[in-house]
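The sequence and coordinates come before the discussion.

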Amino acid sequence: MSFSLSYVAGIVDGEGCISFSSCRNVVFPRVFVTNTNTELLLVLKEQFGGDIKPLSLRKPGWKQGHYWRISWSPAVELLRKLDGHLFVKRQQAATVFAWDEARPGRGGKWDQDALDFLQQRMKWLNKKGPSSEPDPVDVVLSEMIGSSS
C-alpha cells in the first residue's frame, strides 16, 4: 500500500511537524508525524523511509501514540515531493529548502549567520499561539530596503 502525495501532505499538515534538530552541534531537518494509528505510520515508513518510535503515555487511559520521523536528505526529498501539496506547513518546507541550498557539503563550514537565521525562522514558524514578533524574513527584507534608500 502507498499513499498519494496529496494525502501525505495532508497528514504532514495536520498531524506533523517540520523542524530542525541538532546532534553534536550539527543542524539538520526533520519531519515528524504523530498518531495513535501505527498502520498509518508503517505505510509512511515503507513509502519514504525513516523510523517509528513510541511516545511516552501522557495520561492513564489514553491510547498509545507513536511518531514516524525522517531526517537529513530523506526529509528534504520527502518535502520536495510534497512541494505544491502542503498548505499549512509550506513555509517550513521552504525554510528546509533554503537550508538544503545553503548547506556547505561534507567537511565544509556553515555560514553561521545563515544557519542562525534559518533556525530562528523555523522556530518562529513553529511557535504556538499568537506571535507579536515579526517574521524574521520580513525583518531582514525591511533592513535591506531601508539600507538601500
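In this predicted model, the side chains of Asp100 and Arg103 form a salt bridge, with an N to O distance of 2.9 Å. Arg103 is partly exposed, at 27% relative accessibility. The pair also belongs to a network of salt bridges that links Arg80, Asp100, Glu101 and Arg103. Side chains of opposite charge can pair when their charged atoms come close. Over the whole structure, a search finds five salt bridges.

| Salt bridge | N to O distance |
|---|---|
| Asp100 and Arg103 | 2.9 Å |
| Arg69 and Asp51 | 3.0 Å |
| Glu133 and Lys127 | 3.4 Å |

The salt bridge of Arg69 with Asp51 has an N to O distance of 3.0 Å. This pair links distant parts of the chain, since Arg69 is in strand 4 (residues 66-71) and Asp51 in strand 3 (residues 51-54), 18 residues apart. Arg69 has a relative accessibility of 21% and so counts as partly exposed. Asp51, with a relative accessible area of 22%, is partly exposed as well. For Glu133 and Lys127, the side chains meet at 3.4 Å, N to O. Glu133 is partly exposed at 47% relative accessibility, and Lys127 is partly exposed at 40%.

**Buried positions**

Which residues of helix 1 are buried? In helix 1 (residues 5-15), these are Val8, Ala9, Ile11, Val12 and Asp13. The elements that cover them include strand 1, strand 2, helix 2 (38-48) and helix 3 (72-82).

Ile11, which is found in helix 1, has a relative accessible area of 8%; because buried means under 20%, Ile11 counts as buried. Leaving out residues up to four places away in sequence, Ile11 touches Phe3, Gly16, Val33, Leu40 and Leu44. Between the C-alpha atoms of Ile11 and Pro104 there is a separation of 31 Å, and the two residues are 93 residues apart along the chain.

Strand 1 (residues 16-23) contains Ser21. Is Ser21 buried or exposed? With a relative accessible area of 17%, Ser21 falls under the 20% cut-off and is therefore buried. Apart from neighbours within four places in sequence, Ser21 is in contact with Val26, Val27, Phe28 and Arg30.

**The largest pocket**

Rolling a probe the size of a water molecule over the atoms shows where empty space is left. In this model, the largest pocket holds about 340 Å³ of space. Its lining has 16 residues, and those closest to the pocket centre are Val26, Pro104, Gly105, Gly108 and Trp110.

Which elements each supply at least two residues of the lining? These are strand 2 (26-35) and helix 5 (112-126). Helix 5 gives the largest share, three residues. By class, the lining of the largest pocket is made up of seven nonpolar, six polar and three charged residues.

Methods
Residues are numbered from 1 along each chain as its sequence is written. This is a predicted model: local features need pLDDT of at least 70, side-chain atom pairs count only at pLDDT 80 or more; totals for chains, interfaces and linings use all residues. Side-chain values use heavy atoms; hydrogens and water are left out. On a 1 Å grid over the protein atoms alone, a cavity is a set of points where a 1.4 Å probe fits but cannot get out, and a pocket is an open set with protein on both sides within 12 Å along at least five of seven lines; lining residues have an atom within 4 Å of a point. Grid points are joined across faces, edges and corners, and a volume is the space filled by probe spheres set on the points. Helices (H or I, at least four residues) and strands (E, at least two) are DSSP runs, numbered from the N terminus. Ala, Val, Leu, Ile, Met, Phe, Trp, Tyr, Cys and Pro count as nonpolar, Asp, Glu, Lys and Arg as charged, and the others, Gly among them, as polar. Buried means under 20% relative accessible area, exposed over 50%, partly exposed in between (1.4 Å probe, protein chains only). Contact means heavy atoms within 4.5 Å. A salt bridge is a side-chain nitrogen of Lys or Arg within 4 Å of a carboxyl oxygen of Asp or Glu.
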